[in-house]
Amino acid sequence: RPSRNLTFVFAGIFGAMVSGAAAASDWRILSIDESVALGNAELRIGEDGSLSGTTGCNRFTGQGNHAEDVLTISAPFATTHMACVGPVIDAQEQALLALFQGAVSVAYDPYLEQLTLNANDHIALLEPVSDGAADGMPAVFEAATVVVSGISGSLNMRSESTTSSEVVARLRLGSAHANLGCERKEDRDWCRLSLEDGAVGWAAAEFLSPLTLGVRAKGGNQDRIGRLTCSDQNGEKAGLCEYGSAVEGDHAIVSVFVDDSAPAVLHFRSGEFDPMASFGPFAAAEGEPQTLENRVRINFQGYWLEVPMTAVQP
């Protein structure tokens with residue numbers, strides 16, 4: 001890994017968050033306590049810190065304030081009072097309402113664009129709602145290739161789409177496999193996988209992710225590498241930061257290595273900087289990006305990053 005020519009630290013990029021939300025955004029709840037979320041459970045985060053959505057059964061509203069990677073819920077959520085059909089969806093609702101109380105730990109994965117909420121012995125994983133997900137189906141259902149993720153150890157691949165069927169293979173974390181199709185069942189979603197040795201079987205979909213550009217970039221599979229200009233807001237401590245970019249169609253992810261900690265991860269779509277995808281729902285770039293002759297200049301938390309257009313073009 002190349003040396004870093006810039007010595008100042010960008011810890012503020014991820015550590016100093018604004019109160020409330022940077023912009024309104026909609027999130028699908030993928031799983032709760034490692035079980036796939038049912039009933040199109042969603043969360044909307046408002047610009048004013050308001051929270052609303054559905055547990056998969058009842059709708060809810062509330063208010064939160066975010067600071068230092070913690071979302072503080074000011075009061076119990078107000079909910080509708082429809083009877084949930086079945087014990088599974090009822091348990092899901094109770095877990096979600098229990099999670100959204102008091103101080104909720106927030107973590108955003110800028111590569112996968114996934115938000116993790118953790119509180120009161122409950123964990124929820126969320127992803128942004130997109131046009132392609134309007135049917136309520138997880139993105140993994142449409143993926144030709146999937147990656148094992150979100151599990152410690154190995155993932156059981158079974159002969160049938162049930163937890164009681166025979167284990168025909170154990171899949172290591174991070175391994176990629178051909179997806180032959182997924183199906184939705186009451187307890188969880190399953191995907192039928194094909195391995196390189198010809199074995200075929202079923203694996204729980206909540207532990208599979210599409211082999212997306214983010215997965216590729218997070219694994220260090222870059223299409224371009226180079227150096228870009230980076231400095232503080234006064235033009236001091238200027239130097240060159242090394243970067244790698246992964247590009248697929250009109251989507252580019254640029255990883256900027258400013259020190260030995262986690263890189264700054266910048267998303268671009270159709271050549272335009274995407275702050276929501278880059279920093280999540282609770283942080284934002286400061287001011288509008290500046291488009292120069294052959295680069296985009298981004299000011300975030302008092303630092304300038306000058307990303308060359310060649311890094312984000314197909």
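Select Phe60 first: this residue is buried, with a relative accessible area of 3%. Buried here means under 20% relative accessible area, with exposed over 50% and partly exposed in between (1.4 Å probe, protein chains only).

Before moving on, note that this is a predicted model, where local features need pLDDT of at least 70, side-chain atom pairs count only at pLDDT 80 or more, and totals for chains, interfaces and linings use all residues. Residues are numbered from 1 along each chain as its sequence is written, and side-chain values use heavy atoms, with hydrogens and water left out.

**Stop 1: the aromatic pairs**

The structure holds 6 aromatic pairs. Rings of Phe, Tyr and Trp (its six-membered ring) pair if their centres lie within 6.5 Å; planes under 30 degrees apart count as stacked, over 60 as edge-to-face and the rest as tilted.

Phe60 lies in strand β5, and Phe77 in the loop between β6 (70-73) and β7 (78-79), so the pair ties together parts that are 17 residues apart in sequence. Strands (E, at least two residues) and helices (H or I, at least four) are DSSP runs, numbered from the N terminus. Phe77 is buried too, at a relative accessible area of 12%.

Now jump to Phe268 and Phe273. Their ring centres are 5.7 Å apart with planes at 55 degrees, so this pair is tilted. Phe268 is buried at 1% relative accessible area, and Phe273 is buried at 10%.

Ring pairs link Phe60, Phe77 and Phe100 into a cluster.

**Stop 2: charges over rings**

Select Arg297 and Trp304. The charged end of Arg297 sits over the Trp304 ring, 3.9 Å from its centre. The test: NZ of Lys or CZ of Arg within 6 Å of the ring centre and within 35 degrees of the ring normal. Next, show Arg188: its charged end sits over the ring of Trp190, 5.8 Å from the centre.

**Stop 3: His177**

His177 lies in strand β14 (residues 176-184). His177 counts as buried, at 11% relative accessibility. Its side chain makes a polar contact with the Ser175 side chain (2.8 Å). A polar contact is a pair of N or O atoms within 3.5 Å; within protein, one must be able to donate a hydrogen and the other to accept it, and residues adjacent in sequence count only if both atoms are side-chain atoms.

**Stop 4: Gly56**

Finish at Gly56, in the loop between β4 (50-54) and β5 (59-67). Gly56 and Asp90 are 34 residues apart in sequence and 8.9 Å apart in space, C-alpha to C-alpha.
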